[in-house]
Amino acid sequence: MIIRSVRHQGLKRLIEANQTRGLRPDLVNRVRNILTALAVAEDMKMFRASAPPGWRVHRLSGDRKGIWSISTSGNWRITFEEEDGYVGDLNLEDYH
């Protein structure tokens, strides 16, 4: 899938320049793995089929209905919108 927009500056630096500044060191490897899997997948069906169970890939509900969530570690998750194979508003957030 193609990443169109990134909200989190640390993720943006990692994607564009392979710099880890702005990311917690304990999250960097897992975030890289998730971003690589997203980039290689053709669509969310393919991504979900190849994602390990520990990533807990799911759609959010309520006021964030339709947003995808992937667990990175503890209460940190990557969230994004997906439409027609494009990823938008990619974010790394602490949900607690």
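Colleague: Why does His-8 count as buried?

Modeller: Keep in mind that this is a predicted model. The relative accessibility of His-8 is 17%, and buried means under 20%, so His-8 gets that label.

Colleague: Where is His-8 found, and which residues is it in contact with?

Modeller: His-8 is in the loop between strand 1 and helix 1 (9-17). Leaving aside neighbours within four places in sequence, His-8 touches Gly-22, Leu-23, Leu-90, Asn-91 and Leu-92.

Colleague: What makes the pair of His-8 and Gly-10 a polar contact?

Modeller: A polar atom of the His-8 side chain lies 3.1 Å from the backbone nitrogen of Gly-10. The cut-off is 3.5 Å, so this pair falls within it.

Colleague: Now the rings. Why are Phe-47 and Trp-55 called stacked?

Modeller: Two checks, really. Their centres are 5.9 Å apart, and rings pair if the centres lie within 6.5 Å. The angle between the planes is 25°, and planes under 30 degrees apart count as stacked. So the pair is a stacked one. A search of the whole structure finds one aromatic pair.

Colleague: Are those two residues buried or exposed?

Modeller: Buried. Phe-47 has 0% relative accessibility and Trp-55 has a relative accessible area of 10%; the limit is under 20%, so both labels hold.

Colleague: How do you know that strand 1 and strand 5 pair?

Modeller: There are two bridges between strand 1 and strand 5 (residues 86-94), in the parallel sense. Pairing needs at least two bridges, so they qualify. In that stretch, Ile-3 stands opposite Val-87 of strand 5.

Colleague: And what makes strand 4 a partner of both strand 3 and strand 5?

Modeller: Count the bridges again. Strand 3 and strand 4 are joined by five, running antiparallel, while strand 4 and strand 5 are joined by seven, also antiparallel. With at least two needed, both pairings count, so strand 4 has a partner in each. Ser-69 has Thr-79 as its bridge partner in strand 4, and Arg-77 has Glu-93 in strand 5.

Colleague: What is the order of the strands in the whole sheet?

Modeller: The order is 1-5-4-3-2, in an open sheet of five strands with mixed pairing. Strand 1 (2-3) and strand 2 (58-59) are the edge strands, since each pairs on one side only.

Colleague: One last thing: what makes Arg-4 count as sitting over the ring of Tyr-86?

Modeller: The charged end of Arg-4 is 3.6 Å from the ring centre, and the distance limit is 6 Å.

Key: Residues are numbered from 1 along each chain as its sequence is written. This is a predicted model: local features need pLDDT of at least 70, side-chain atom pairs count only at pLDDT 80 or more; totals for chains, interfaces and linings use all residues. Side-chain values use heavy atoms; hydrogens and water are left out. Helices (H or I, at least four residues) and strands (E, at least two) are DSSP runs, numbered from the N terminus. Rings of Phe, Tyr and Trp (its six-membered ring) pair if their centres lie within 6.5 Å; planes under 30 degrees apart count as stacked, over 60 as edge-to-face and the rest as tilted. Buried means under 20% relative accessible area, exposed over 50%, partly exposed in between (1.4 Å probe, protein chains only). A charge sits over a ring if NZ of Lys or CZ of Arg is within 6 Å of the ring centre and within 35 degrees of the ring normal. A polar contact is a pair of N or O atoms within 3.5 Å; within protein, one must be able to donate a hydrogen and the other to accept it, and residues adjacent in sequence count only if both atoms are side-chain atoms. Contact means heavy atoms within 4.5 Å.
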